[in-house]
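Please look over the sequence and the structure below before reading the briefing that follows.

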Amino acid sequence: MVIAQKSDLPQGTLDLLILNVVALGPMHGYAIAQRLRQVSREVVNVTQGTLYPALHRLENRGFLAADWKQSDTGRDAKFYKLTAKGRTHMASEAESWRRLAQAVGAILKTSEGVG
């Protein structure tokens with residue numbers, strides 16, 4: 001099975017994926033990484049060295065807010081939640097992705113049956 005690292009994802013994709021996961025409700029970093037892996041059927045596997053810089057970037061841009069809380073395991077963890085600004089950005093980026101995916105799909109269809 002192919003495991004996509006951040007370097008395999010087109011630029012900006014990881015941020016969009018994180019925003020979509022956090023839109024479900026406040027989550028700590030480990031839960032975000034697990035959710036990305038589960039939903040993608042283990043295709044997207046984000047390491048801590050990639051995830052946490054992205055979370056800090058999204059927090060600094062005002063797309064995520066964070067609070068320290070106790071996790072299910074009893075440890076203190078930073079929980080991230082989507083802000084209104086983040087929700088607006090997520091919707092805009094998701095629409096751009098849909099348009100791009102449709103365009104790429106249309107182009108790929110032109111070569112079906114060739115070869």
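**Pockets and a covered helix**

The second largest pocket has a volume of about 160 Å³, a volume being the space filled by probe spheres set on grid points that are joined across faces, edges and corners. This is a predicted model, in which local features need pLDDT of at least 70, side-chain atom pairs count only at pLDDT 80 or more, and totals for chains, interfaces and linings use all residues. Residues are numbered from 1 along each chain as its sequence is written, and side-chain values use heavy atoms, with hydrogens and water left out.

**Second largest pocket**
- A pocket is, on a 1 Å grid over the protein atoms alone, an open set of points where a 1.4 Å probe fits, with protein on both sides within 12 Å along at least five of seven lines, and lining residues have an atom within 4 Å of a point.
- Among the residues that line the second largest pocket are Leu 17, Asn 20, Arg 35 and Val 44.
- Both α1 and α2 supply at least two residues of this lining, where helices are DSSP runs (H or I, at least four residues) and strands are runs of E (at least two), numbered from the N terminus.

**Largest pocket**
- The largest pocket has a volume of about 340 Å³, and of the 20 residues that line it, the closest to its centre are His 28, Gly 29, Tyr 30, Gln 48 and Tyr 52.
- Helix α2 gives the most to the lining of the largest pocket, with five residues.

**Helix α1**
- Eight of the 10 residues of α1 (residues 13–22) are buried, meaning under 20% relative accessible area with a 1.4 Å probe, protein chains only.

How values were computed: Buried < 20%, exposed > 50% of the residue type's maximum accessible area, 1.4 Å probe, protein only.
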